[in-house]
Amino acid sequence: MMPHRNSWRVWLRRLTQGGFLLLFLILFLQARYMPVNQTGRHVKLFFLFDPLVLAASWLSSHQVASGLLLSLVTIGGTILFGRWFCGWVCPFGALHHLLTGLRKQKAKQKMLTDGYSPWQKTKYYVLATLLVASLFGLNLTGWLDPFSLLYRSTAIVLYPTGSDGVKSLFGWIYQVDPGIAKLRLTAVSEPVYSFLSRTILPSTDIYFCGIVLIAILFAAVILLNLYRARFWCRYICPLGAMLGTAGKNPLIQIKRNEDLCNNCRLCVVDCQGGADPDVPDGWKPSECFYCYNCESACPHQAISFGLHVPASKSASTPAPLRWLLHFVRAPRQQKLDLGRRSLVIAGSAGLGTVLLARASAQGKGHTWNPALIRPPGSVAEDEFLGKCIRCGECMKVCPTNALQPALTEGGFAGLWTPVLNMKLGYCEYECNLCSQVCPTQAIGTNALEQKQQIRIGTAFFDRNRCLPWALARTCIVCEEHCPTPKKAIWLQEVQVTTPEGASLTVKQPHVNPDLCIGCGVCQNKCPLTDQRGVYVTSVGETRNPGNQALLGGSEG
């Protein structure tokens with residue numbers, strides 16, 4: 001077997017892939033509160049160029065965040081030049097491309113398995129299912145959208161575990177400091193740790209609920225690359241399916257020199273998309289990532305890529321019309337033959353999912369989960385589920401770790417959408433970063449002064465747990481931490497009698513529901529660490545007139 005001669009285009013593609021993967025990581029790390037309450041809109045850049053997010057948001061909510069219109073650039077480029085986005089830009093695709101290199105199959109085995117498989121149509125049916133569900137108001141694209149899946153997995157699984165590992169390592173070195181002769185490792189490790197703390201590591205320990213399920217899904221997606229090259233991109237990715245549909249007849253197409261080709265099939269060994277570059281007139285542009293591996297792998301230079309000039313049966317056909325017909329009339333071998341029956345089944349699956357979600361008591365709006373506390377500025381729940389793509393960017397940027405991925409709080413339709421857990425954190429009064437980074441405006445953009453007026457719930461005291469109420473002990477922690485300009489928690493001095501018969505003055509806390517915004521700092525700071533003496537529920541939230549306390553103005 002002759003060695004590969006990686007062309008300049010392969011090296012350019014590798015550099016571009018690495019650059020976009022590095023950009024993704026840089027933007028990910030910049031999504032943080034410290035040192036100021038400003039991240040900049042650029043941290044959600046990848047989502048703004050995602051046409052799947054645009055389509056699903058528009059279908060489900062009939063509204064589009066203006067920034068998402070940038071994804072039309074992706075669609076336009078794909079129509080003209082093919083599915084290059086998957087092979088050159090997508091950071092998740094770059095990760096799959098990198099991990100596919102770990103496969104240990106022999107070339108002959110790859111020739112047998114890495115050609116096009118009819119199962120690659122599966123991703124088109126996944127896309128159809130998600131879009132039909134979105135059409136009926138249930139946006140589940142975030143489960144499988146590549147940017148959402150990668151960001152969510154990085155923010156909730158990789159970043160916390162990696163940070164814990166790094167902190168543990170440097171903590172061990174600091175405590176043990178084995179050293180080498182007279183050289184102390186802390187002389188090096190401490191400056192390095194200080195730098196990492198300022199730039200990469202979170203300022204506090206972070207942890208998330210339901211991390212195991214997200215970790216298993218991410219690990220499965222990654223490990224499947226060992227079974228088949230870029231398994232996710234070939235068989236599952238709905239964004240890849242959308243781009244494959246748009247780029248089914250691009251201007252840049254493969255050219256085979258049949259006189260030079262000896263059917264060695266080495267091009268198939270390195271084709272990560274299963275695009276069949278070895279089949280005469282059978283190359284499938286909808287599956288090609290334009291990685292140029294096939295071109296480099298060919299020892300006889302029989303494969304190349306170039307501008308495809310559309311032909312016409314009539315010489316009188318004007319050139320502009322020929323170019324237009326080029327995109328409409330794909331050659332027979334390049335058409336996507338998905339089958340009506342399969343598409344109907346996929347669409348029915350999407351509709352069935354919507355009906356199941358709406359048939360539940362929660363979907364009917366007959367139950368209110370008190371733990372379903374959405375970030376401030378969130379739109380009404382139905383609209384929220386139509387817009388939220390479960391990317392996890394709001395959870396990454398939350399400075400107190402209060403935003404967590406929902407498990408059962410929002411029902412089936414709300415899986416992995418953001419909810420506040422006041423035991424783990426609280427809504428910081430001086431922060432509105434979650435609204436700044438949300439790419440779909442499921443969390444509406446509000447100035448800080450406006451956000452501070454939004455109620456996300458109401459605090460209540462458990463008089464069987466609260467120390468002044470239950471045990472006649474002095475405690476004013478909740479009142480001290482209440483952040484509203486006029487305290488929503490007020491204290492009433494009362495005389496109580498101790499078990500010993502002594503008279504004692506204690507300050508019993510009350511909630512003024514007209515001032516409480518439900519930020520949860522009182523619950524988070526309560527000294528009772530298991531079951532708190534004060535807790536927040538979603539009742540009273542600004543976004544939902546139907547979820548209000550019946551006796552407005554009464555004490556909690």
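This is a predicted model: local features need pLDDT of at least 70, side-chain atom pairs count only at pLDDT 80 or more; totals for chains, interfaces and linings use all residues.
Residues are numbered from 1 along each chain as its sequence is written, and side-chain values use heavy atoms, with hydrogens and water left out.

The protein contains 24 helices and eight strands, where helices (H or I, at least four residues) and strands (E, at least two) are DSSP runs numbered from the N terminus. Taken along the principal axes, the box filled by the C-alpha atoms is roughly 105 × 70 × 35 Å. Of the 556 residues, 52% are buried; here buried means under 20% relative accessible area, exposed means over 50%, and partly exposed lies in between, with a 1.4 Å probe and protein chains only. Among the contacts with a separation of 6 or more, 74% are made by residues 24 or more positions apart, a contact being defined by heavy atoms within 4.5 Å.

Helix α1 comprises the 23 residues 8–30, which should span 33 Å at 1.5 Å a residue, and the 32 Å between its end C-alpha atoms agrees with this value; the expected span is 1.5 Å times one less than the number of residues. The buried residues of α1 are Arg9, Val10, Arg13, Gln17, Phe24, Leu27 and Phe28. In an unreviewed UniProt entry, the annotation "transmembrane region" is given to residues 12–31, 43–61, 81–103, 124–144 and 205–227; such positions are given in the numbering used here, feature names are shortened, and annotations may be inferred rather than shown by experiment. In the model, residues 43–61 are 79% helix and 0% strand, with end C-alpha atoms 23 Å apart, while residues 81–103 are 74% helix and 0% strand, with end C-alpha atoms 29 Å apart.

Helix α13 is largely enclosed by the rest of the structure, because seven of its nine residues are buried. These buried residues are Pro238, Leu239, Gly240, Ala241, Met242, Leu243 and Gly244, and what covers them includes α3, α4, α5 (84–89), α8 (122–135), α9 (146–176) and α12 (231–236).

Two of the helix pairs that involve α13 can be described in detail. The axes of α3 (residues 51–61) and α13 (residues 238–246) come within 9 Å and cross at roughly 95 degrees, the axes being lines fitted to C-alpha atoms over the stretch in contact and the angles running from 0 to 180 degrees between N-to-C directions. The two helices are therefore roughly perpendicular to each other, given that angles under 35 degrees count as roughly parallel, over 145 as roughly antiparallel, 65 to 115 as roughly perpendicular and the rest as oblique. In this pair, Pro51, Leu52 and Ala55 of α3 meet Pro238, Leu239, Met242 and Leu243 of α13, and the residues of the contact divide into seven nonpolar, no polar and no charged. For this division, Ala, Val, Leu, Ile, Met, Phe, Trp, Tyr, Cys and Pro count as nonpolar, Asp, Glu, Lys and Arg as charged, and the others, Gly among them, as polar.

Helix α4 (residues 71–81) packs against α13 at an angle of about 50 degrees, with the axes 8 Å apart, which makes α4 oblique to α13. The contact is formed by Thr74, Ile75, Thr78 and Ile79 of α4 together with Met242, Leu243 and Ala246 of α13, and its residues comprise five nonpolar, two polar and no charged.

Several loop residues were also examined. Most residues other than glycine have a negative phi. Gln301, which is not a glycine, has a positive phi of about 55 degrees; Gln301 lies in the loop between α15 (293–297) and β2 (303–307) and counts as exposed at 53% relative accessibility. Ala472 likewise has a positive phi, near 55 degrees, and is placed in the loop between α22 (467–471) and α23 (477–481), where its relative accessibility of 22% makes Ala472 partly exposed.

Arg465 is situated in the loop between β5 (458–461) and α22 and is partly exposed, with a relative accessible area of 25%. Although Arg465 and Gly533 are 68 residues apart along the chain, their C-alpha atoms are separated by 4.6 Å. Residues up to four places away in sequence not being counted, Arg465 touches Ala470, Leu528, Asp530, Gln531, Arg532 and Gly533.
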